Amino acid sequence: MKIYIELFLTFAKIGAFTFGGGYAMLPMLQKEVVDKKHWATDEEIMDYYAVGQCTPGVIFVNTATFIGYYQKGIIGGIIATLGVVFPSIVIISLIASILQNFADIEIVQHALHGIRIAVCILVLNATLKLFKTGVKDLTGIIIFILSLVLTYTSIVPTIVIVILSAITGILFSYIKMKKGGSK
Amino acid sequence: MSLQLIFQLIIAFFKTGLFALGGGLATIPFLYEMIKDYGWFTKDMLMNMIAVSESTPGPMGVNMATYVGFHTTNSVIGGIVTTLSLVAPSIIIICIVAHFLQKFKNSHWVQDAFYGLRPAVCAMIASAGLGILVVAVFNNGEISWDINFLNIILLIVMYLFCRKFNKLHPIFIVCICACLGIVFQL
């Protein structure tokens, strides 16, 4: 029972402080899920994120379901997801009923502009950490640079990058193995 | 709040959760469709919903779903129903994927695929970070000479601050920066 409560509370906490889309949840996941609870490693988080990108739905929800599922099966996945959406339901219901012009309030605007700075720093730190764990050799660096250019310029949809990089990973490992085998 | 409306909301958001690929922004076309098919809200209201969903914590897609559910039924129950309908496909699909991933986790195909995927994921996150950095550094939101120096200084100071105390919780950093934003009228 305790693990269910922990799953719910951890994801509710992350949901309540994640501003600006799926990638902004990563620093929180690293802190809470990897460092504190040890429910997943940095590498596993990246894997879930990759799968979350090419499956439908909200990426944060997909990642939460993954982590919950591996802790406590389907119920764990459901509980983690309920944790993610709980703060949204509370906050949005409040705003929709009393503060319809919430986004136009001056102090909210200032706070959000400040939070943008926090998100920059958090995402930068998350990227550095993930780079250290995920990019291991020259192939990795090449995939990283190509994906960065393609994603930033949005020439191709994300799902294409996900599929291409997975294929590249398989191909390069195959080539490496062949080389290793022939020696 | 009629049963028929609840039923329609469930269908509409389940469909959105099932077919919206790639995060919160991908739900917007589905919301436009709801305007056309059901007339639950107007385009102006949708703009306001997007603004609120972007300015509140939590995934944008989830925020939008709660907002529409609350707005159309004028009750929290509507918001809960739409949100759960939106995430239901995710839960089903991910549990299936997670099950098979665990089974084939040690297969070298899966291992090799992830070996290629990890740098790509890292790049996607770097790209998203770069996107916000540009918005924070340049006043008009794109690379130009119109540089926001106050933001750059705050960025550097906060970055060094976080380096010095590298055990700071992300939530704490978000709160400090929100206060800085209010104090400096960013």
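Colleague: What makes helix 4 of chain A fall short of a straight helix?

Modeller: A helix here is a DSSP run of H or I with at least four residues, counted from the N terminus, and a strand is a run of E with at least two. Helix 4 takes in residues 59-98, 40 residues in all. Because the expected span is 1.5 Å times one less than the number of residues, a straight helix would reach 58 Å. The end C-alpha atoms of helix 4 are only 29 Å apart.

This is a predicted model, where local features need pLDDT of at least 70, side-chain atom pairs count only at pLDDT 80 or more, and totals for chains, interfaces and linings use all residues; side-chain values use heavy atoms, without hydrogens and water. Residues are numbered from 1 along each chain as its sequence is written, while chains are lettered from A and ligands numbered from 1 in the order written.

Colleague: How do you know where helix 4 of chain A bends?

Modeller: A bend is the angle between axes fitted to the seven residues ending at a residue and the seven starting there. At A:Lys72 that angle is about 145 degrees.

Colleague: How many helices and strands does chain A have?

Modeller: Chain A has 7 helices and 0 strands. Its C-alpha trace spans about 70 × 40 × 25 Å along the principal axes.

Colleague: How do you know which residues of chain A are annotated as a transmembrane region?

Modeller: That comes from an unreviewed UniProt entry, which places the feature at residues 7-28, 77-99, 111-128 and 158-175. Such annotations may be inferred rather than shown by experiment; the positions follow the numbering used here, and feature names are shortened. In the model, residues 111-128 of chain A are 100% helix, with end C-alpha atoms 26 Å apart. Residues 158-175 of chain A are also 100% helix, with 0% strand.
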